[in-house]
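Visitor: I'm new to this one. Can you walk me through it?
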Amino acid sequence: MVKDTKFYDTLGVSPTATDAQLKTAYKKGALKFHPDKNADNPEAAEKFKELSHAYEILSDSQKRSIYDQYGEEGLEGGGAGGGMGAEDLFAQFFGGGGGGFGGMFGGGMRDQGPKKARTIHHVHKVNLEDIYRGKVSKLALQKSVICPGCDGRGGKDGAVKSCTGCNGTGMKTMMRQMGPMIQRFQTVCPDCSGEGEIIREKDRCKRCTGKKTVVERKVLHVHVDKGVKNGHKIEFRGEGDQMPGVMPGDVVFEIEQKPHPRFQRKEDDLFYQAEIDLLTALGGGTLNIEHLDDRWLTVNIAPGEVITPGAIKVIKGQGMPSYRHHDFGNLYIQFDVKFPEKDQLQNLNLLEQVLPPRMEQTKPPTDAMVEDFELEEIDGSEYSQARAHGAAGGMDEDDEDVPPGAERVQCASQ
């Protein structure tokens, strides 16, 4: 049973389609959606790429087998990453010169220099420790290579013949009488089914079944340098797919930095959230931080320095290494002060001796009626409601610079 039918649906065929049916569907769609024929329709260009990619996978028996069993996920190891570009695949079917074809589309195929197989793209996920220290990753991928059994010919030596019906272009120019006018148009060569070559079944290469390429496993050593940024690309030129008559493609690995449980990174700086108790915040103490290279940093807080909740301090030169430089960013520490529970407090009267005097409160007039109240705890729903009312009726965290009664300006998306 086929796991995913996306590529079949793109070509408009069933999962049981034969190779000939796949070719016919591709050629029909490629002629319809080619960018030269739809210069003002970007959607057609995207459809053209999708058709070419789907046919590239399904026309390769090994890739098609992997796709049928595991879907696109099974091709992520490299089986679907390479191959020819959409224009190159089209040129292989319809000829790359642009003579007769150019007359049909008005302008023909653009000269793009030497043809090259498609680049294989991979995302390489790396943790922050490896980016801090640098590492070499061994990554395996699958790619198409020229079949060693037939040297990319597709059959026995001398058995591959250029189609005489289309002179090897895969297309035939036909004429149709329309009243007093004669219309010239191109159609897929029926003699070679658009291949441009004719190989008898018995002469096809047993190793690649006439496909000219086979899939092999390749291990690449990817050097992750110290301090590389998220999105950094590492290229391996010529290590991508191989196809007869075109230059080998490239392999590109894009670095994706994994989230870290302790640190956040911004450029070359690191940010660390530290929780300390009230005693340490007021009376000093030490804070131990495990760094990214197995070192432990002991941070000394001087007595009386007073760390307020949300305070940010810096340790210079203890951030990330700069990529291909010799300096380091900074380590910023934001403090969260944990206050004690009420049942943990003892000898509160002694606080009068070590803390500044109490803030002076506004006193009621001497002739005012005064009632005494005690504070009570509230449950979760009451707390949420109180926060909502506070945000609606007073200043929230984003209103620190807005004076009471000032008009707020709200931005509306256009």
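Guide: Let's start with the rings. Rings of Phe, Tyr and Trp count as a pair if their centres lie within 6.5 Å. Keep in mind that this is a predicted model.

Visitor: OK. How many aromatic pairs does the structure hold?
Guide: Seven aromatic pairs are found in the structure.

Visitor: Take Phe263 and Tyr272. Is that pair stacked or tilted?
Guide: Tilted, because the planes of the Phe263 and Tyr272 rings stand at 45°. Their centres are 5.5 Å apart.

Visitor: And are those two buried or exposed?
Guide: Phe263 is buried, at 3% relative accessible area. Tyr272 also counts as buried, with 15% relative accessibility.

Visitor: What about the rings of Phe271 and Tyr332?
Guide: Their planes are at 15°, so this pair is stacked. The ring centres of Phe271 and Tyr332 lie 5.3 Å apart.

Visitor: Where in the chain do Phe271 and Tyr332 sit?
Guide: Phe271 is in strand β11, residues 269-277. Tyr332 is in strand β15, residues 331-338. The pair links distant parts of the chain, 61 residues apart.

Visitor: How accessible are Phe271 and Tyr332?
Guide: Phe271 is partly exposed, with 34% relative accessibility. Tyr332 is partly exposed too, at 25%.

Visitor: Which residues form an aromatic cluster?
Guide: One cluster is made of Phe7, Tyr8 and Tyr67.

Visitor: New topic: charge. How many salt bridges does the structure hold?
Guide: There are 18 salt bridges. In general, side chains of opposite charge can pair when their charged atoms come close.

Visitor: Show me one. What does Asp294 meet?
Guide: The side chain of Asp294 meets that of Arg133 in a salt bridge, at 3.6 Å from N to O.

Visitor: Where are Asp294 and Arg133 in the chain?
Guide: Asp294 is in the loop between β12 (285-290) and β13 (296-301). Arg133 belongs to helix α7, residues 128-133. They are 161 residues apart, and the pair links distant parts of the chain.

Visitor: Which of those is exposed, and which partly exposed?
Guide: Asp294 is exposed, at 60% relative accessible area. Arg133 is partly exposed, at 37%.

Visitor: Next one. Which residue forms a salt bridge with Glu239?
Guide: Lys143 does. The closest N and O atoms of Glu239 and Lys143 are 3.6 Å apart. Glu239 lies in the loop between β8 (233-236) and β9 (251-257), and Lys143 in strand β2 (residues 135-146), so the bridge ties together parts 96 residues apart in sequence.

Visitor: Is Lys143 buried or exposed?
Guide: Buried, at 5% relative accessibility. Glu239 is partly exposed, with a relative accessible area of 22%.

Visitor: And what does Arg237 pair with?
Guide: With Asp250, in a salt bridge of 3.7 Å from N to O. Arg237 and Asp250 both lie in the loop between β8 and β9, so the bridge ties together parts 13 residues apart in sequence.

Visitor: Buried or exposed, those two?
Guide: Arg237 is exposed, at 61% relative accessible area. Asp250 is buried, at 7%.

Visitor: Which residues are linked in a network of salt bridges?
Guide: Glu56, Lys63, Arg118 and Asp241 are.

Visitor: Last thing. Which residues gather in a patch of negative charge on the surface?
Guide: Glu371, Asp372, Glu374 and Glu376 do. Asp372 is in the loop between α9 (351-354) and α10 (380-393). At 74% relative accessibility, Asp372 counts as exposed.

Notes. Residues are numbered from 1 along each chain as its sequence is written. This is a predicted model: local features need pLDDT of at least 70, side-chain atom pairs count only at pLDDT 80 or more; totals for chains, interfaces and linings use all residues. Side-chain values use heavy atoms; hydrogens and water are left out. Rings of Phe, Tyr and Trp (its six-membered ring) pair if their centres lie within 6.5 Å; planes under 30 degrees apart count as stacked, over 60 as edge-to-face and the rest as tilted. Buried means under 20% relative accessible area, exposed over 50%, partly exposed in between (1.4 Å probe, protein chains only). Helices (H or I, at least four residues) and strands (E, at least two) are DSSP runs, numbered from the N terminus. Patches are made of residues with over 30% relative accessible area and no salt bridge: like charges are joined within 9 Å, nonpolar side chains (Val, Leu, Ile, Met, Phe, Trp, Tyr) within 5 Å. Accessible areas come from the Shrake-Rupley method with a 1.4 Å probe; for residues, only the protein chains shown count as cover. A salt bridge is a side-chain nitrogen of Lys or Arg within 4 Å of a carboxyl oxygen of Asp or Glu. Lys and Arg count as positive and Asp and Glu as negative; His and the chain ends are not counted. The place of a charge is taken as NZ of Lys, CZ of Arg, CG of Asp or CD of Glu.
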